[in-house]
Amino acid sequence: MQRFCLKSGFNVPDAREKLRCLNSNRLSRFRGCLMAYLVIGAAVTPVVGGEQYHKPKIRTITAFVRIEPAHYRQQIGEAVMMLRQAKAAFEKGGYEVQTLRMTTQPFTKYIGERSTAEALVLFDSLDELSKRDSFMLNIGPLTLADSSDVAKVELLSQVLASTRVHASVVVAGDDGVHWNAVRAAAQVVKYVENHSPNGANNFDFAAVAMVPPNGPFFPSSNHDGAGRQFSVGWEAGTFVEEVFVGANRDMQVARELLSKGFEQQAHVVDGIATQVERDSGWKYMGLDPTPVPNTDSSIGAAIETLTGAKFGSGGTLSSAAVITEAERSISVRRIGYSGLMLPVLEDPVLAERWSEGTFDLDSLLAYSAVCGTGLDAIPLPGDVSQQQLERIIGDMASLAFKWHKPLTARLIPAPGKKAGDQTDFDFGIAKFPNTILRQLR
């Protein structure tokens, strides 16, 4: 269905144009009002050159807890109280908070000698707590010692298929690529594809490589410390696009403007989080300034604004580098990727360009050389084999180890569908865009 642009008076035919129109209308509304200083409680904040932009949203406030099976309800309850306190503080500061999240230590540290049936009961209980108290739960990464850890892989597969908890498998570290873990991760993806509703629970799983602790974003979030810590991640696709409008397709100007914009917003976020730290006694670990996109906040649209061409065209890699350099220039506490997420199934422009064939898996790996986070929310035909998945995950792990950078692979095969078919996933979070499944080479 076409949309009508109030500013131009023309019908808007595709996702890229819908977003450009939306943000053009936003800029028209707000350019007329200049502000001399940052007003924290406002929905719009001034940045460089007197231009005004929508604030980033807080995608997640993530608590890190170390649970004990005998006391986990109390420990999770305390974490929920802190998260709600933090949410209220950010909302008072003028930020929309989208999700509250919680990451435990690696689940193998607290299941003990429980049988598979007993462990599944525990995870069902944790899943119910997360639904009751409105937070997302990550049970930490599985690190495999050797190929004899078959039972752990099978347990993780069943947990992911039967609940909505998040988890990961570590496929590379400082000692190199863990090829047994690469095979295990591919096995998990195929199991979850075949044993969860429409394979959608693969949205909650990733193969991870070189990912540091205490990052806020799922499924790669992890820690193995004492807990009582938290970190913050923001959503900023629209923010980046509005900043890039003022750069007039000049990469150097874009980097300077975005660095200043990120610095300004990061200081405000850091100030609020630091106050939460004082008030709650939970240690603030930092901000992951990765500008995560969403269905109404496209990082693909932002990059197309800078390059003047479709995502995947020349200049896309340079744009990825500009965004990453701007993030890493901020002076407050940083944590996590500090990179660039390009989740095909969460961003309408990326989904449309994937259908058009303007980029592919190899393109995303090339962009990952200058940013992060690897292969995120990638739709695949349902007939993809475990061996093909192993090769894809292995490529990501090899790149991560070579450049010692955090990368992940979140691969989502569509059961019963083949190349050329359209996806119809329901992830139970938001209505994500559909795209056309591509033939694997």
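**Exercise 1.** Which residues does Thr62 touch, not counting residues up to four places away in sequence?

*Solution.* This is a predicted model, in which local features need pLDDT of at least 70, side-chain atom pairs count only at pLDDT 80 or more, and totals for chains, interfaces and linings use all residues. Residues are numbered from 1 along each chain as its sequence is written, and side-chain values use heavy atoms, with hydrogens and water left out.

Step 1. Thr62 is in strand β5 (residues 57–65); strands are DSSP runs of E with at least two residues, helices are runs of H or I with at least four, and both are numbered from the N terminus.

Step 2. With contact taken as heavy atoms within 4.5 Å, Thr62 touches Leu83, Arg101, Met102, Thr103, Pro216, Phe218, Ser221, Gln229, Phe230 and Ser231, residues up to four places away in sequence not being counted.

Step 3. The side chain of Thr62 also reaches the backbone oxygen of Pro216 at 2.8 Å.

Step 4. Thr62 has 0% relative accessibility and therefore counts as buried (under 20% relative accessible area; exposed is over 50%, partly exposed in between, with a 1.4 Å probe and protein chains only).

**Exercise 2.** Find the side chain joined to that of Asp376 by a polar contact.

*Solution.* Step 1. Asp376 lies in strand β13 (residues 374–381).

Step 2. A polar contact is a pair of N or O atoms within 3.5 Å; within protein, one must be able to donate a hydrogen and the other to accept it, and residues adjacent in sequence count only if both atoms are side-chain atoms. The partner is Arg410, at 2.7 Å.

Step 3. Asp376 counts as buried because its relative accessibility is 5%.

Step 4. Beyond four places in sequence, Asp376 touches Met341, Leu342, Pro343, Val344 and Arg410.

**Exercise 3.** Describe how helices α6 and α7 are placed against each other.

*Solution.* Step 1. Two packed helices are described by the angle between their axes and the distance between the axes.

Step 2. The axes of α6 (residues 237–245) and α7 (residues 251–280) come within 9 Å and cross at roughly 135 degrees. Axes are lines fitted to C-alpha atoms, for helices over the stretch in contact, and angles run from 0 to 180 degrees between N-to-C directions.

Step 3. α6 and α7 are therefore oblique to each other (under 35 degrees is roughly parallel, over 145 roughly antiparallel, 65 to 115 roughly perpendicular, the rest oblique).

Step 4. On the α6 side, the contact is made by Phe239, Val240, Val243 and Phe244. On the α7 side stand Ala254, Leu257, Leu258, Gly261, Phe262 and Gln265.
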